[in-house]
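Dear colleague,

Please find below the structure I am handing over to you. My notes on it follow.

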Amino acid sequence: NAAVIILADTFREAAVPELIKLASDKDASVRYTAIVGLGNLGPVAKQAVPTLIEKLFDQDVNSRNAAIRALGAAGSAAKDALEPLRKLSLDSEFEKNANAAIQRINQALEKEWQQKESPASQPRSDASSQLDSTIASSGAEGFTRDEHEAYHDEGRFAQVISQIATE
């Protein structure tokens, strides 16, 4: 069992396929240890999510709890596990771990969504660069970039630039 943990800690992502195989071993302690190893890898083990979802229904209670925790550690990659985890959260034996895993997955999904929505995380487009040059060449340096973008977004940017140019 210590060898499985060393495998996960040393080889990280390269260890995931082997740990997935071991998670289906006939020996419950080997399954448990492999699942713990996958959980220790967190999001690095995202390809193990389908196997971890299967392990939510393992006959060994320890393996089931380890799978619950591993899915929580996988973060947003485990979004497909939310429904089975919700069902498990109704069982008093798994309620605490399942609710914690759901919370971790939801937090990771929220963080991922915020990063996608954040303008700072968006790559600059050619149109955005062109807008910068238009602003610079228009003599309209008194406006902030956000103000220029607001006018541009509303279709009034050209009108404002024309108005500034004629003044």
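From the N terminus on, the elements of the protein chain run α-α-α-α-α-α-α-α-α-α, that is, 10 helices and zero strands. Helices (H or I, at least four residues) and strands (E, at least two) are DSSP runs, numbered from the N terminus.

The model is predicted: local features are reported only at pLDDT of at least 70, side-chain atom pairs count only at pLDDT 80 or more, and totals for chains, interfaces and linings use all residues. Residues are numbered from 1 along each chain as its sequence is written, and side-chain values use heavy atoms, with hydrogens and water left out.

**Confidence and overall figures**

The protein chain averages a pLDDT (the predictor's confidence in each residue, from 0 to 100) of 78, and 64% of the residues score at least 70. Over residues 134-167 the pLDDT is below 50, although this stretch has 30 contacts in the model beyond near neighbours in sequence; a contact means heavy atoms within 4.5 Å. Where pLDDT is low, the predicted coordinates should not be read in detail.

Of the 167 residues of the protein chain, 37% count as buried. Buried means under 20% relative accessible area, exposed over 50%, and partly exposed in between (1.4 Å probe, protein chains only). The protein chain exposes about 10100 Å², of which carbon and sulfur atoms supply 51%; accessible areas come from the Shrake-Rupley method with a 1.4 Å probe, and for residues only the protein chains shown count as cover. Among the contacts in the protein chain with a separation of 6 or more, 53% are made by residues 24 or more positions apart.

Helix H5 covers residues 61-74. At 1.5 Å a residue, its 14 residues should span 20 Å, and the end C-alpha atoms are 20 Å apart, which agrees; the expected span of a helix is 1.5 Å times one less than its number of residues. H5 is largely enclosed by the rest of the structure, because 11 of its 14 residues are buried. The buried residues of H5 include Ser-63, Arg-64, Ile-68 and Leu-71, and the buried part of this helix packs against H3, H4, H6 and helix H7 (95-117). After H5 comes Gly-75, whose phi is positive, near 65°.

Asn-65 is also found in helix H5. Asn-65 counts as buried because its relative accessibility is 11%. Leaving aside neighbours within four places in sequence, Asn-65 is in contact with Glu-93, Phe-94 and Asn-97.

A nonpolar core is a set of buried Ala, Val, Leu, Ile, Met, Phe, Trp, Tyr and Cys residues joined through side-chain atoms within 4.5 Å. The largest one has 33 residues, of which Leu-56, Ile-68, Leu-71 and Leu-85 touch the most other members. Helix H2 (16-22), H3, H4, H5, H6 and H7 each supply at least two residues of this core, and H5 gives the most, with six residues. Not counting residues up to four places away in sequence, Leu-71 touches Val-49, Leu-52, Ile-53, Leu-56, Ala-78, Ala-81, Leu-85 and Ile-105. In soluble globular proteins, nonpolar side chains tend to be buried together.

**Helix H3**

H3 has 14 residues and reaches 20 Å from its first C-alpha to its last, close to the 20 Å expected at 1.5 Å a residue. Its buried residues include Val-30, Arg-31, Ile-35 and Leu-38. H3 is followed by Gly-42, which has a positive phi, near 60°.

**Salt bridges**

A salt bridge is a side-chain nitrogen of Lys or Arg within 4 Å of a carboxyl oxygen of Asp or Glu. By this rule, the count comes to three salt bridges.

Asp-58 forms a salt bridge with Arg-31, with the closest N and O atoms 2.9 Å apart. The pair links distant parts of the chain, 27 residues apart: Asp-58 is in the loop between helix H4 (49-55) and helix H5 (61-74), and Arg-31 is in helix H3 (residues 28-41). Asp-58 and Arg-31 are buried.

Lys-55 and Asp-58 also meet in a salt bridge through their side chains (3.9 Å, N to O), and both Lys-55 and Asp-58 are buried.

Arg-86 forms a salt bridge with Glu-83, with the closest N and O atoms 3.9 Å apart. Both lie in helix H6 (residues 82-88), three residues apart, about one turn of the helix. Salt bridges that share partners join Arg-31, Lys-55 and Asp-58 into one network.

With kind regards
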